[in-house]
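Work through the exercises below with the sequence and the coordinates at hand. Each task is followed by a solution in steps.

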Amino acid sequence: MSFLGYEPDTALGGNQHDFPATRDSLVDAAAAGGAQSHAALGLLVALYWKPAYKHVRIKWRRGNEEAKDLVQAFFTALIERNLLAGFDPAKGRLRTWMRSCLDRFVLKDFESASRLKRGGGSDLVFDFDAAERELAATSPSPEEIFLREWEREVFTLALADLRQLCLAANKQTQHRIFEQYDLAYEPRPAYADLAREHDIPVTTVTNHLAWARRELRRLVRERMSRS
């Protein structure tokens, strides 16, 4: 199964998915400081680190190691220098601003030939090896890569949101059937096999899948609206 044209991929941010419901409040929280800021920044990093890395590799033609340095330095600066304070939602979407900010950061690095070394003293963690493997199998434009990876991370986090929703609402059976059928590698199990395993009618399997798919689409839309 695929939403937005992409399969689930690397998820970051752990189980911390309780974030403000709108883009404006998310950015405000990230720039405010304190525990709420840390959680909001975690979401932003989870959504944007991989698009940023692939963007630097393709558009700016930086090598693997140099791109790692730049991306980690960029997100360290985003946090330590509170760059989000410069974002104006009235002028456009956060993802467009983030990409432009990254381009300016890379350009400034090129001009000055100096930057923070990898990690920059922060505790940010990135799976660059996985991103590099994906990059080797693709050849779209830098803009397409950035948008595609942003959509992929939105979908991954929405899947985690669905898991948390099912736990909170005592709908573990619905979630398990969704995992077994929609997230399964081929061949998928038959509805009748799922019905026997969970001791429910086949019509209930159908209803559980319809509910989970509907909720996942809603959660994807919510995630997209925040960023």
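**Exercise 1. Find how helix α7 packs against helix α9, and list the residues involved**.

Step 1. The axes of helix α7 (residues 172–182) and helix α9 (residues 202–226) come within 9 Å and cross at roughly 85°. Axes are lines fitted to C-alpha atoms, for helices over the stretch in contact, and angles run from 0 to 180 degrees between N-to-C directions. Helices (H or I, at least four residues) and strands (E, at least two) are DSSP runs, numbered from the N terminus.

Step 2. The angle makes α7 roughly perpendicular to α9; the classes are roughly parallel under 35 degrees, roughly antiparallel over 145, roughly perpendicular from 65 to 115, and oblique for the rest.

Step 3. On the α7 side the contact (heavy atoms within 4.5 Å) uses T173, Q174, I177, F178, Y181 and D182, and on the α9 side V205, H208, L209, W211, A212, R213 and L216.

Step 4. Sorted by class, this contact has 8 nonpolar, 3 polar and 2 charged residues. Ala, Val, Leu, Ile, Met, Phe, Trp, Tyr, Cys and Pro count as nonpolar, Asp, Glu, Lys and Arg as charged, and the others, Gly among them, as polar.

The model is predicted: local features need pLDDT of at least 70, side-chain atom pairs count only at pLDDT 80 or more, and totals for chains, interfaces and linings use all residues. Residues are numbered from 1 along each chain as its sequence is written, and side-chain values use heavy atoms, with hydrogens and water left out.

**Exercise 2. Describe the crossing of α6 and α7**.

Step 1. The axes of helix α6 (residues 142–168) and α7 come within 8 Å, with a crossing angle of roughly 150°.

Step 2. From α6, the residues L159, L162, R163, C166 and L167 meet Q172, H175 and F178 of α7. They divide into 5 nonpolar, 2 polar and 1 charged.

Step 3. C166 has 1% relative accessibility and therefore counts as buried (under 20% relative accessible area; exposed is over 50%, partly exposed in between; 1.4 Å probe, protein chains only).

**Exercise 3. Describe how α3 and α5 cross, and list the contact residues**.

Step 1. For helix α3 (residues 64–80) and helix α5 (residues 128–136), the axes come within 12 Å and cross at roughly 125°. The two helices are therefore oblique to each other.

Step 2. N64, K68, V71 and Q72 of α3 make the contact with F128, D129 and E132 of α5. By class there are 2 nonpolar, 2 polar and 3 charged residues.

**Exercise 4. Is K54 buried or exposed, and what does K54 touch?**

Step 1. K54 lies in helix α2 (residues 35–59) and is buried, because its relative accessibility is 0%.

Step 2. Not counting residues up to four places away in sequence, K54 touches A131, E134, L135, I145, R148 and E149.
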